[in-house]
Amino acid sequence: MRKITPALILVVALSACAGKTSIESAPGLTVVQDASSLPAPERADLVASDRPALIGPLDTIVVEVVNIPDFSREIQIDASGRIAMPLVGTLDARGKTAEELARSIEAALRARFVKDPDVVVNIKSSVSQVATIDGQVVEPGLYPVTNQMTLMRAIASAKGLTEYARQNDVVILRTVKGQRMAALYNVGAIRRGVYADPAIYANDVIVVGDSPQRRLFRDFVALSPLLSAPLIAIIR
């Protein structure tokens, strides 16, 4: 009777890893059997749903006061989320859209007897609208969030998963109405289309779990050349 050896275990493990996963239809997912018949998206499919772009600390904005060029300027929001302008004074810009801030500046100018002010605000660059990606990704860090950001896009921005990533242990941490919330996701299932790729919002924290089994397997593979000679003799 052949002995069960580490080499035999390695062969079985490699065979298990080589298996393919199929894609199946699910609620919200239609699998096209003939790949050549996959239809092209319509125009509405190419546009992500709108999300308000909010101004935050250290963002840079451009304020234009129509017909009063001396008031037009580029401003960086300070660390407390405020701006300061002549005649306007200090305004809290934090959490406002560009349109909302423009209306606030107009109101401040009217209070200083500026007749019918017309203000346009544009966000030039944003450093406040970011998500944190941590854990087993190639490049953890802070990444800008747009209205197209999803979990898979965020992971791709961080250069993908490491070899030790646990695909079924990806957590999104989020604050909603002051309450900390968390949800667990399976990246492998998202890739297979089992459920939709979740949207990512500013201030989200994404943590990709670590797989001790993958580390153990790596160590086993590293040791296998040292064990191969005596193991071959035993198998024979």
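Predicted model: local features only at pLDDT ≥ 70, side-chain atom pairs only at ≥ 80, totals over all residues.

K177 sits in the loop that runs between β8 (165-176) and β9 (179-185), and its phi is near 55°, which is a positive value in a residue other than glycine.

A positive phi is also found at N203, where the angle is near 80° and the residue is again other than glycine. N203 belongs to the loop between α4 (187-191) and β10 (205-210), and with a relative accessible area of 58% N203 is exposed.

## Salt bridges

Side chains of opposite charge can pair when their charged atoms come close. Over the whole structure, a search finds 6 salt bridges. One of them joins the side chains of E74 and K124, with an N to O distance of 2.8 Å; because E74 lies in strand β2 (residues 73-76) and K124 in strand β5 (residues 119-125), this pair ties together parts that are 50 residues apart in sequence. Both E74 and K124 are exposed.

Which residue does R174 meet in a salt bridge? The partner is D204, at 2.7 Å from N to O, and the pair links distant parts of the chain, with R174 in strand β8 and D204 in the loop between α4 and β10, 30 residues apart. The relative accessible area of R174 is 24%, so this residue is partly exposed, whereas D204, at 1% relative accessibility, counts as buried because the limit for that class is under 20%. Salt bridges that share partners also join E99, R103 and E106 into one network.

A further salt bridge is formed by the side chains of D92 and R94, at 3.5 Å from N to O. D92 counts as partly exposed at 29% relative accessibility, and R94, at 46%, is likewise partly exposed.

## The largest pocket

The largest pocket holds about 570 Å³ of space, and its lining is made up of 24 residues, of which P52, L54, Q129, Y201 and A202 lie nearest the centre.

How do the residues of this lining divide into nonpolar, polar and charged? The lining has 10 nonpolar residues, 9 polar ones and 5 that are charged.

Notes: Residues numbered from 1 in each chain as written. Heavy atoms only, no water. Helix = DSSP H or I, 4+ residues; strand = E, 2+ residues; numbered from the N terminus. Buried < 20%, exposed > 50% of the residue type's maximum accessible area, 1.4 Å probe, protein only. 1 Å grid on protein atoms, 1.4 Å probe; cavity = no way out; pocket = protein on both sides within 12 Å on 5 of 7 lines; lining within 4 Å. Points joined across faces, edges and corners; volume = space filled by probe spheres on them. Nonpolar A, V, L, I, M, F, W, Y, C, P; charged D, E, K, R; others polar. Salt bridge = Lys/Arg side-chain N within 4 Å of Asp/Glu carboxyl O.
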